[in-house]
Amino acid sequence: NDVLANLLPAEEGPSRMVACLDQGLVDAHPELPAQIELWAEANTHLVRLMGQVATLPGGEEAKNDFNVFNEAARVINDRGICRKSFVLAAGGGALLDAVGFAASSAHRGVRVIRMPSTTLSQGDAGVGVKNGINAFGKKNFLGTFSPPWAVVNDSHLLMSLSDRDWRSGLSEAVKVALLKDASFFEELRRLAGRTRTRDLDAMEGIVQHSAHLHMKHIIEGGDPFELSTARPLDFGHWSAHKLEQMSGFDLKHGEAVAIGLVIDMTYAAMIGCLDEAVLKSARCCLLDMGFTLDHEA
């Protein structure tokens, strides 16, 4: 598979690269570090892998302190990575956020190639321009806006996800469909049952369409760095971020977003800004996908 190799600038000669992988991804695919090393050996005209693949903690805990940020920054420093080099970051959205923050801070910006490994990161977080960690009790309080050099989605990686992580990214697909594409929302309603049976063909199409809509908004929406007060892609997120904290991050991001969407839509229906039929349809869709729309927090 030459997708990754084709993303590297051949005219620059071999680029230095470090690879930072999510520990959960390596646990599910223990062969992956060796595969990356073999890939680099087969493409020495394009890339020089600087040292062994680094394995770092993933999940929301990766963003709750500076440990992953510091370790990624240390790897970048110790292995001589510069602005003409690359950081290959593979894993869930939290790992991509923390490593991306370190890379965008080092030398004021090292080029990053993201390989998202969850439905949420492949359909949303991986294709955005945000990097960051949580601080002072606030989600993503510290961070940067820095577009990645490239994003590579490999649907094979989704098959090892837990049911919760498999489902989690679907709420972001529902969110962007409600905002941008009514026909896509109807397709999500139709496919909801197939997603619960872990139908990869159904999920692949959903993730691809979700990623496209998210990216299209960032590129064409007129506010890629979120300077305006109304940020459409944060629909459902004001409460979701707070719910994650209130639950001690027992709620995954996608699970909190599902609840947040219903909160926003319920309020909109109550003040007459949304047809209640749309609220009911969205709620049924999320339930059919397997989301629980309440939490003791």
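Start by selecting helices H8 and H13 (residues 276–289): they pack at an angle of about 160°, with their axes 10 Å apart. Here axes are lines fitted to C-alpha atoms, for helices over the stretch in contact, and angles run from 0 to 180 degrees between N-to-C directions. That angle makes H8 roughly antiparallel to H13 (under 35 degrees counts as roughly parallel, over 145 as roughly antiparallel, 65 to 115 as roughly perpendicular and the rest as oblique). The helix labels come from DSSP runs numbered from the N terminus, with helices (H or I) of at least four residues and strands (E) of at least two.

Before you go on, a word about the model. It is a predicted one, where local features need pLDDT of at least 70 and side-chain atom pairs count only at pLDDT 80 or more, while totals for chains, interfaces and linings use all residues. Residues are numbered from 1 along each chain as its sequence is written, and side-chain values use heavy atoms, with hydrogens and water left out.

**Stop 1: the H8 and H13 contact**

Show the side chains of Leu170, Ser171, Val174 and Leu178 on H8, then Val278, Ala282, Cys285, Leu286 and Met289 on H13; these make the contact (heavy atoms within 4.5 Å). Which classes of residue meet here? Eight are nonpolar, one is polar and none is charged. In this count Ala, Val, Leu, Ile, Met, Phe, Trp, Tyr, Cys and Pro are nonpolar, Asp, Glu, Lys and Arg are charged, and the others, Gly among them, are polar.

**Stop 2: H11 and H12**

Next select H11 and helix H12 (residues 253–270), which pack at an angle of about 135° with their axes 7 Å apart. This makes H11 oblique to H12. Among the contact residues are Trp238 and Leu243 of H11, and Ile259 and Ile263 of H12. The contact divides into seven nonpolar, five polar and two charged residues.

**Stop 3: salt bridges**

The structure holds 16 salt bridges, each a side-chain nitrogen of Lys or Arg within 4 Å of a carboxyl oxygen of Asp or Glu. Pick aspartate 97 and lysine 63, whose closest N and O atoms are 2.8 Å apart. Aspartate 97 sits in helix H5 (residues 93–105) and lysine 63 in the loop between strand E3 (54–56) and helix H4 (67–78), so this pair ties together parts 34 residues apart in sequence. Are they buried or exposed? Both aspartate 97 and lysine 63 are buried (under 20% relative accessible area; exposed is over 50% and partly exposed in between, with a 1.4 Å probe and protein chains only).

Now go to glutamate 244 and lysine 139, a salt bridge with its closest N and O atoms 2.9 Å apart. It links distant parts of the chain, with glutamate 244 in helix H11 (residues 237–246) and lysine 139 in strand E7 (residues 138–145), 105 residues apart. Glutamate 244 is buried at 1% relative accessible area, and lysine 139 counts as buried at 13%. Then select Lys130, Glu226, Arg231 and Asp234, which salt bridges with shared partners join into one network.

**Stop 4**

Most residues other than glycine have a negative phi. Arginine 198 has a positive phi of about 60°; find it in the loop between helix H9 (182–196) and helix H10 (200–220). Phenylalanine 249 also has a positive phi, near 60°, and its place is the loop between H11 and H12. At 24% relative accessibility, phenylalanine 249 counts as partly exposed.
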